[in-house]
Amino acid sequence: MTSAADLLEIATRIAREAGDLAARRRREGLEVATKSVAADIVTAADKEVEAFVRAELERERPEDGFYGEESDARESRSGITWVVDPIDGTVNYAYGIPAWAVSIAAVEGSADPATWSAVAGVVYNPVSGEMFRGSRGGGAWLGETRLSVTADVGPAGGLVATGFGYDPATHAPTLERLARVMPVARDIRRIGAASLDLASVAAGRMDAYYEKGTNPWDHAAGVLLVEEAGGRVGGAPGGRPGKGMVIAAGPGFYPRLEEILEPEL
Ligand code: IPD
Ligand code: CA
């Protein structure tokens, strides 16, 4: 049985090499293609970096499963599956905005996002050099600093991160949801990378994050970081975070956000 600390070491090494590869490719140029809708893009680097991560994991952990954004899933024979976004924040990456990350999580259980549980996770921003790391029961860390969410927010409300889906059909409900959150928000941030939003909540740089429509690879590692930093994460009331909704916040602010977002969940 491999420990969470061992899985974290593997994730950290591979995320660093993958992120540095992506940064190098970005300096060399950019090759962009469209995915589900016009605004949803993928670069050649997304695919190359995922292939790199996949090959490294297969070499180190041949029995483990794989669940990534840019390639087919592979079933686990060990009970561990790696959930990987090679570049989270691809639009930022393409525009040269320094807010994108490699997100790698090791999850335990069936390869079903509704039931698995994250054991170790990293979110690495190669531009800032920040490597957020967390393991179940081992805390969330940025370098030598142990991370903690903000316990509660003051009368000005919380600094709230969120995201907008690429599909234009989602924009009207997204804006309506935002209007409902505004009364409890001191301000809103739309950074453009769900994994970094969650890492920011874990680090206390943001009071909360919520978003509808994200995929497991966007949030698997970040959710563990928030939980290990003392925060609460959920989806539908009492439910797990998922495509339907991810809400992450400190224990004081979380119930207020959940109540506001609840009617449509
Ligand atoms: C996206 C980013 C973005 C979020 C989208 C995600 P991608 O991931 O995390 O912040 O709003 O929902 O799809 O496409 O850049 O990997
Ligand atoms: Ca991606």
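Analyst: The largest nonpolar core of this predicted model has 35 residues, and those with the most contacts inside it are Val 123, Phe 132 and Val 226; such a core is a set of buried Ala, Val, Leu, Ile, Met, Phe, Trp, Tyr and Cys residues joined through side-chain atoms within 4.5 Å, where buried means under 20% relative accessible area, exposed over 50% and partly exposed in between (1.4 Å probe, protein chains only). At least two residues of this core come from each of strand S5 (101-108), strand S6 (117-125), strand S8 (139-142), S10, H5, helix H6 (216-228) and S14, the helices (H or I, at least four residues) and strands (E, at least two) being DSSP runs numbered from the N terminus. H6 gives the most, with 7 residues. Because domain 1 (4-146) and domain 2 (158-264) both give residues to this core, it lies between them; the domain bounds come from an automatic or database domain assignment.

As for Val 226, leaving aside residues up to four places away in sequence, it touches Val 149, Leu 198, Val 201, Ala 202, Gly 231, Arg 232, Val 233 and Ala 248, contact meaning heavy atoms within 4.5 Å. A second, separate core of 30 residues includes Ala 4, Val 49, Ala 106 and Met 131.

Two of the residues that Val 226 touches, Val 233 and Ala 248, are also bridge partners, with Ala 248 lying in S14. S13 and strand S14 (residues 246-249) pair in the antiparallel sense over 3 bridges; two strands count as paired if DSSP finds at least two bridges between them. Helix H5 (residues 194-202) packs on the sheet, touching strand S10 (158-162), strand S12 (208-211) and S14, and its direction makes about 150° with that of S12; axes here are lines fitted to C-alpha atoms, for helices over the stretch in contact, and angles run from 0 to 180 degrees between N-to-C directions. Helix H7 (residues 254-261) also packs on the sheet, where it touches S12, S13 and S14, with its direction at about 155° to that of S14.

The sheet itself is open, with 5 strands in the order S11-S10-S12-S14-S13 and mixed pairing. Strand S11 (185-189) and strand S13 (232-234) stand at its edges, each with a single partner strand, so one side of each is left without a neighbour in the sheet.

Residues are numbered from 1 along each chain as its sequence is written, and chains are lettered from A and ligands numbered from 1 in the order in which they are written. In this predicted model local features need pLDDT of at least 70, side-chain atom pairs count only at pLDDT 80 or more, and totals for chains, interfaces and linings use all residues, while side-chain values use heavy atoms, with hydrogens and water left out.
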